[in-house]
Amino acid sequence: MKEMKNLRLLIITILCTVSINAMAQKKFSVYGVGFYNQENLFDTCHDIGKRDFEYLPTGSNRWNARKYTSKLRNMSRALADLGTDKLPQVGCAVIGLSEVENAKALDDLIAQKPLRDRGYKYILVEGPDMRGVDVALLYNPSLFTPTDTAYHYYYKKDIEGETEEEALDELRLSREEEALGNTISWDDVVVPDRAPKFPGGVTRLVEWVRGAIQYPEAARAAELEGRVIAQFVIDKDGSVQSPKILSGVSPEIDAEALRVLSEMPKWEPGLKDGVPVRSKYTMPVSFSFAKVNLPYNVSHTRGFLTVTGKLAGETVTIIVCHWPSRFSGSERREWAGQQVYKIVEDLLATNPENKIFVMGDLNDDPTNKSVTEGLHGKADIKDVKEGDMYNPWYNILVKDGQGTLAYGGSWNLFDQILMTPNLLNFDNRRDYSTLKYWTCQIHRRDYLFQTEGRYKGNPKRTHAGGVWLDGYSDHLPTVVYLVKEQK
């Protein structure tokens, strides 16, 4: 086995060795650093406390073993291909991932033959995202050796409370939960023209419920978590009446949810033709150790996975991100950019030689403020100063018109990999005595694209319009290549 391992490492070394035309008398090692949004890599089992209902066999996507197995096969093929334009049969040393549900999904992914043959491993820290999707890092241990892992939460800018969008997201019901709520009938209840309102709005509702919950000791001892779906009537005077459990977790947790709901203050009642009416309200009540123990100013969204290790004998840090969605507004992504930039500053203050990559689905283009100002991303190497980061994707979008996802007939380039100045050659120098940036590309294969129908030419995703396409992702992968002279 040892001889086979040594032979495999020798083969990788040979394959990683390329000649650069302008310096043909020297030999260089090339390394790929990639990123790929997995577009909902969910397993088929329910994770307690996560909103993964549409990715269950009974959910709206009818997510069964056949579809899951095909998804794993497809994604492993694409991930193994990433970087092979420059590094045939070797691929990337590290690949950042987004939209991964859990460790089981990653265990199943790296067990697929294309990734298993390369020996890929992964690093995952499950965060507080309410949907349950996380970021992760795949790495080839023959090329990259992790030495330190940290997870940085996305902190709220306004520490006084959640933004309205975050509160709405926490109360949002899946289609399955909505259908469950519609199965209950009440006497003298009508659909109001104006919905009932908790005093202060949904932000205060979420805050009040969290503050009122007393985690049952029996449930805590049994490590029970979950999401209770409850329904109640808001009477004409705003009082909460007859709370019921539609979907529970355990007797202790269900009882605590009913206690909390029955003690709520009066609401503003719903109105029909301007007159107060009795109306029903369906809402989730989440019980989670993670949420109980989180600092009060942490947002329940995806954080920033930071992995430091050795690549080509040098210290390299990869920060994997999946910033807030477009529906959240640009301010939240601008704040994400500032938080990640602070992580970069702290890393460089500790070790100025550290070569840092920020990668991920930023949900913004290279031209947006979250990237140009938040991350100090510069489009051209000549403009990169100390404290800046280089963003090679700016001109690929602006000048070449290429992107990683299509929307409304045009391309966006959300999937970016930025780097610190110590990875760059300035003034057209070609000094590769240390690890340096060489080139980048949006990874394209024919199988990654729709070939017919309304979305022809777009990335071939898993589902579209409620139909299973047996595709890959709604995003294309990206990769940067690094070069170092062999000694």
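Rings of Phe, Tyr and Trp (the six-membered ring of Trp) count as a pair if their centres lie within 6.5 Å. By that rule, this predicted model holds 16 aromatic pairs. The protein averages a pLDDT of 90, and 92% of the residues score at least 70.

**Confidence**
- Take some care with residues 1-22, where pLDDT stays under 50. For this stretch the model has 29 contacts beyond four places in sequence.

**Aromatic pairs**
- Tyr153 and Tyr155 have ring centres 6.4 Å apart and planes at 90°; since planes over 60 degrees apart count as edge-to-face, that is the class of this pair.
- Tyr153 is partly exposed, because its relative accessible area of 27% falls between the limits of 20% and 50%.
- Tyr155 is partly exposed too, with a relative accessible area of 31%.
- Trp438 and Tyr481 also form an edge-to-face pair, at 6.5 Å centre to centre and 65° between the planes.
- Are the two partners buried or partly exposed? Trp438, at 32% relative accessibility, counts as partly exposed, whereas Tyr481, at 0%, counts as buried.
- Elsewhere, ring pairs join Phe198, Trp208, Phe232, Trp267 and Tyr281 into a cluster.

**Charges over rings**
- Arg444 lies over the face of Trp411, at 5.9 Å from the ring centre.

**Helix H9**
- Helix H9 covers residues 251-262, which makes 12 residues. From first C-alpha to last it reaches 16 Å, close to the 16 Å expected at 1.5 Å a residue.
- Which residues of H9 are buried? They are Ile253, Asp254, Glu256, Ala257, Val260 and Leu261.
- Viewed down the axis of H9, these buried residues fall within an arc of 160°, so they line one face of the helix.
- An α-helix has 3.6 residues a turn, so residues three or four places apart point the same way.
- The cover over the buried residues of H9 includes helices H7 (202-212) and H8 (217-221). Strands E7 (226-234), E8 (240-247) and E11 (279-287) are also among the covering elements.

Methods
Residues are numbered from 1 along each chain as its sequence is written. This is a predicted model: local features need pLDDT of at least 70, side-chain atom pairs count only at pLDDT 80 or more; totals for chains, interfaces and linings use all residues. Side-chain values use heavy atoms; hydrogens and water are left out. pLDDT is the predictor's confidence in each residue, from 0 to 100. Contact means heavy atoms within 4.5 Å. Rings of Phe, Tyr and Trp (its six-membered ring) pair if their centres lie within 6.5 Å; planes under 30 degrees apart count as stacked, over 60 as edge-to-face and the rest as tilted. Buried means under 20% relative accessible area, exposed over 50%, partly exposed in between (1.4 Å probe, protein chains only). A charge sits over a ring if NZ of Lys or CZ of Arg is within 6 Å of the ring centre and within 35 degrees of the ring normal. Helices (H or I, at least four residues) and strands (E, at least two) are DSSP runs, numbered from the N terminus. The expected span of a helix is 1.5 Å times one less than its number of residues. The arc is that of the directions from the helix axis to the C-beta atoms.
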